Amino acid sequence: MKNYDCDRNFFFLILALAAFSAFSVSCDKSDAAESGDGELRLYFSYVPEGFSDETKSLVEIPDTNDFLLDVRDESGEVIYNGKFGDSPESICVSPGSYTVKVVSGEFNFPAFSKPQFGDEQCIVVEKGGIVNVALECRQLNSGIRLNIDKNFLTEYPEGVLFLRSSSGSLMYGYSERRIAYFKPGNVSLVLSQGAEDKTLFTRVLGAQEILVLDINVSSGTSDSDSGISILIDTSRIWLNDEYLLGSENGTGSGSTEDRPLSVNQAKESIGAEDVWVKGYIVGGDLTSSSISFSTPFSSATNLAIAARSSASSKESCMSVSLPSGKIRDALNLVDRPQLLGRQVCLKGDIVESYFGIPGLKNVSDYTID
C-alpha cells in the first residue's frame with residue numbers, strides 16, 4: 001500500500017474521506033450510537049493553487065463526482081464500487097480495516113490524452129469512532145509529448161516513430177500534439193523503417209511526470225538514424241503542481257467564470273462580493289431548519305448548491321437567493337426540476353447566513369454545465 005508524503009513539487013488533490021464499512025443506507029446517528037458503529041462522511045477539500053494555461057489546455061480536468069471509488073474490507077469483500085458522486089454522503093461503518101481506492105478512470109494500456117488520477121490507502125475504524133482520512137489524489141500515470149522536426153518526413157519518408165512500454169505501444173504521428181500516457185516505468189522512443197526497428201531513447205518515467213522531447217533531424221542523413229538528435233525540454237518536465245484537480249474545476253480566486261470558488265472555498269470567503277461560485281444544484285424549498293432534496297418543489301425564490309451531487313444534509317450546502325427576472329426564470333426548480341443534480345456557476349455576493357447557512361445573494365450572472 002502506497003503512502004505518499006506531501007510534496008509541493010507534485011500535483012495533488014486532497015480528497016478528505018472517512019473510513020468505510022458495509023452499508024446499505026445512510027448513517028443514522030442514533031442507530032450508530034446503539035450499535036457501536038461509526039459515522040462515515042465523504043467530501044473533497046481543495047488546495048488553492050493556480051492553473052498553468054499551457055498545461056490546462058493539454059490535460060482535461062476530470063469531474064471528481066465521476067471518480068471510481070472502490071472500498072473493500074480486510075477479507076477483500078466489496079463494500080462499495082461505483083462513482084464517488086453516487087456514494088452516500090453519510091453512512092454507518094463497522095469496526096475493522098478497509099482499503100479505499102479512488103481513480104479518475106481505468107488505465108490499463110497506453111493511450112493519448114488519458115491522464116489517470118487517484119490514490120489508495122488502508123483505513124482502520126474503531127468501535128464508535130469517526131475517522132477522517134485525507135487521500136492525496138495525484139496523477140498515477142506518466143506521459144510523453146514529442147515535438148518532431150519538420151525535416152523528419154523529408155529525411156525519413158518511410159520512417160515511423162513509436163513510443164513503447166511493457167504494456168503496449170503508440171504510433172506518434174508527425175502532426176500529433178497530444179500527450180501519450182503510460183504506466184510508470186521504462187518508455188522507449190523507437191524509429192521503425194520497414195522491417196527494422198531502432199531504439200533511439202529510453203527513459204524511466206515516474207508517476208506524475210510528463211516529459212517533452214524535441215526530435216531534431218539533420219539533413220542528408222536518411223540512410224541511418226545518426227541524423228536524429230533528441231533533446232529533453234527541461235522547462236517542460238511537468239510534475240503537475242500548477243493546476244487544481246476538482247469537481248468544481250476552480251482555482252479559488254472566484255474572479256472569473258473559468259476560475260470559480262468551490263462551495264467549500266466560498267463558505268470560507270464570507271463577505272466576498274461579485275465572485276463566481278461553482279457547485280451542484282442539490283435542492284430547494286429552503287427554510288430555517290430544512291432543505292428539500294427531491295421533487296416536486298414549491299418555491300421559485302431559492303435553491304441549494306453543494307460540492308457533491310449526492311449531498312443530502314443542510315450542513316453540506318450553500319443557499320442561493322434567486323432574484324426575480326431571467327435568473328430566477330432560468331434556475332428555479334419549480335419550473336425546471338430537471339436542473340437537480342446539474343453543475344451551475346453563479347456570480348454574486350457571499351453572505352454569512354441565508355436560511356441558516358452560508359449563502360449567495362445578489363446573483364447577477366450564471367452558467368449551467
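Colleague: Which residue lies over the face of Phe162?
Modeller: Happy to start there, with the reminder that this is a predicted model. At 5.3 Å from the centre of the Phe162 ring, the residue over its face is Arg164.

Colleague: And how far is Arg308 from the ring centre of Phe84?
Modeller: Here too the cut-off is 6 Å from the ring centre. Arg308 lies over the face of Phe84, and its distance from the ring centre is 4.3 Å.

Colleague: What is the bridge partner of Leu163 in S13?
Modeller: Strand S12, residues 159-165, pairs with S13 in the antiparallel sense, over 4 bridges. In S13, the partner of Leu163 is Leu170.

Colleague: Is Ser142 buried or exposed?
Modeller: Ser142 has its place in strand S11. Buried means under 20% relative accessible area. Ser142 has a relative accessible area of 0%, so the word for this residue is buried.

Colleague: How far apart in space are Ser142 and Tyr181, C-alpha to C-alpha?
Modeller: Setting aside neighbours within four places in sequence, Ser142 has contacts that include Ala180, Tyr181, Phe182 and Leu205. Along the sequence, Ser142 and Tyr181 are 39 residues apart. In space, their C-alpha to C-alpha distance is 5.5 Å.

Colleague: What is the bridge partner of Ile148 in S17?
Modeller: Strand S11 (residues 142-148) runs parallel to S17, and 6 bridges join them. Strand S17, residues 210-217, is mostly covered, with 6 of its 8 residues buried. Across the pairing, Ile148 has as its partner in S17 Ile215.

Colleague: Why is strand S22 described as largely enclosed by the rest of the structure?
Modeller: Look at both sides of the strand. Cys317, Ser319 and Ser321 point one way, Met318 and Val320 point the other way, and all are buried. S22 (residues 317-321) is largely enclosed because the number of its residues that are buried is 5 of the 5.

Colleague: Which residue of S24 does Ser319 stand opposite?
Modeller: S22 has pairings to consider with S21 and S24. Strand S21 (residues 302-306) runs antiparallel to S22, with 5 bridges joining them, and there Asn302 has Ser321 as its bridge partner. With strand S24 (residues 357-368), S22 pairs in the parallel sense over 2 bridges. In S24, the residue opposite Ser319 is Gly359.

Colleague: Which side chain makes a polar contact with the side chain of Asp70?
Modeller: Asp70 lies in strand S4, residues 68-73. At 14% relative accessibility, Asp70 counts as buried. Beyond its neighbours within four places in sequence, Asp70 is in contact with Tyr80, Asn81, Thr99, Val100 and Lys101. The polar contact asked about, at 2.7 Å, is with the side chain of Arg72.

Colleague: Last one: how many aromatic pairs does the structure hold?
Modeller: For rings to pair, their centres must lie within 6.5 Å. The number of aromatic pairs in the structure is 3.

Methods:
Residues are numbered from 1 along each chain as its sequence is written. This is a predicted model: local features need pLDDT of at least 70, side-chain atom pairs count only at pLDDT 80 or more; totals for chains, interfaces and linings use all residues. Side-chain values use heavy atoms; hydrogens and water are left out. Buried means under 20% relative accessible area, exposed over 50%, partly exposed in between (1.4 Å probe, protein chains only). A polar contact is a pair of N or O atoms within 3.5 Å; within protein, one must be able to donate a hydrogen and the other to accept it, and residues adjacent in sequence count only if both atoms are side-chain atoms. Contact means heavy atoms within 4.5 Å. Two strands pair if DSSP finds at least two bridges between them. Rings of Phe, Tyr and Trp (its six-membered ring) pair if their centres lie within 6.5 Å; planes under 30 degrees apart count as stacked, over 60 as edge-to-face and the rest as tilted. A charge sits over a ring if NZ of Lys or CZ of Arg is within 6 Å of the ring centre and within 35 degrees of the ring normal.
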